[in-house]
Amino acid sequence: MKRKSNAYQISVLAVLTAIVIVQNFVPLFGYIPLPGLSITTIHITVIIAAVILGPRDGAIIGGVWGLIDWIRAFTAPTSPLAPIVFTNPLVSVLPRILVGVVAGVIFMHWAKRPHPTVGMVIAAVVGSLVNTVLVLGLIGILYSHAAAGFYQIDISKLMPYLLTIVGTNGIPEAILAGILTPLIATPLLRFKKRH
């Protein structure tokens, strides 16, 4: 039985890794570009991995996403700001790993309760916000002058501007994650219990 469980875990980890890779390279699948920013959907795959497989494997999937972002910042940047900020692994890799860790830990506390769907929603929303807040917060802290120049705003208005992005970009991403994660993860968890 343990061998079947390990095979399931490895199989799902491989499939979700492949999905993250595809999301990074197929236009409009992982990032929906808008002027000056892009709406991300890749975090949902990381959160689903964390819910189904746990925080360790969620961190692995998040790390894959972060490493791809980091490499792309050097080779094929997704925005003019990417070569400036995403070449730093603190901005490109660490927040993505923490999405998986935080979502996985939150769901672990809810998994055995009567309504695990509530735990999935909370894990998805918080995991999504971890990505948004950490990426934008680290950009604001580490690259305030470069970011202010890119967004063509006064340095004193950068943090309010980044908070506006959290509201206009991060909140819809979190809502989308909160809706899609239970819809996708619930049947996968049922299948996991059978194997």
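Okay, let's start with Asp 69, which sits in helix α3; helices here are DSSP runs of H or I with at least four residues, numbered from the N terminus. Keep in mind that this is a predicted model, where local features need pLDDT of at least 70, side-chain atom pairs count only at pLDDT 80 or more, and totals for chains, interfaces and linings use all residues. Residues are numbered from 1 along each chain as its sequence is written, and side-chain values use heavy atoms, with hydrogens and water left out.

So, is Asp 69 buried or exposed? Asp 69 counts as buried, because its relative accessibility is 8%, and buried means under 20% relative accessible area, exposed over 50%, and partly exposed in between, with a 1.4 Å probe and protein chains only. Setting aside residues up to four places away in sequence, Asp 69 touches Asn 24, Tyr 31, Phe 86, Ser 92 and Arg 96. Contact here is heavy atoms within 4.5 Å.

That last partner is worth a stop. Arg 96 and Asp 69 form a salt bridge at 2.4 Å, N to O. This pair links distant parts of the chain, with Arg 96 in helix α6 (residues 94–110) and Asp 69 in helix α3, 27 residues apart. Both of them are buried. The rule for a salt bridge is a side-chain nitrogen of Lys or Arg within 4 Å of a carboxyl oxygen of Asp or Glu, and by that rule the count is two.

The other one joins Asp 57 and Arg 56, at 3.3 Å, N to O. Here Asp 57 is buried, at 1% relative accessible area, whereas Arg 56 is exposed, at 60%.

Now for Arg 72, also a helix α3 residue (residues 55–75). Leaving out neighbours within four places in sequence, Arg 72 is in contact with Asn 24, Phe 25, Pro 77 and Thr 78.

How values were computed:
Helices (H or I, at least four residues) and strands (E, at least two) are DSSP runs, numbered from the N terminus.
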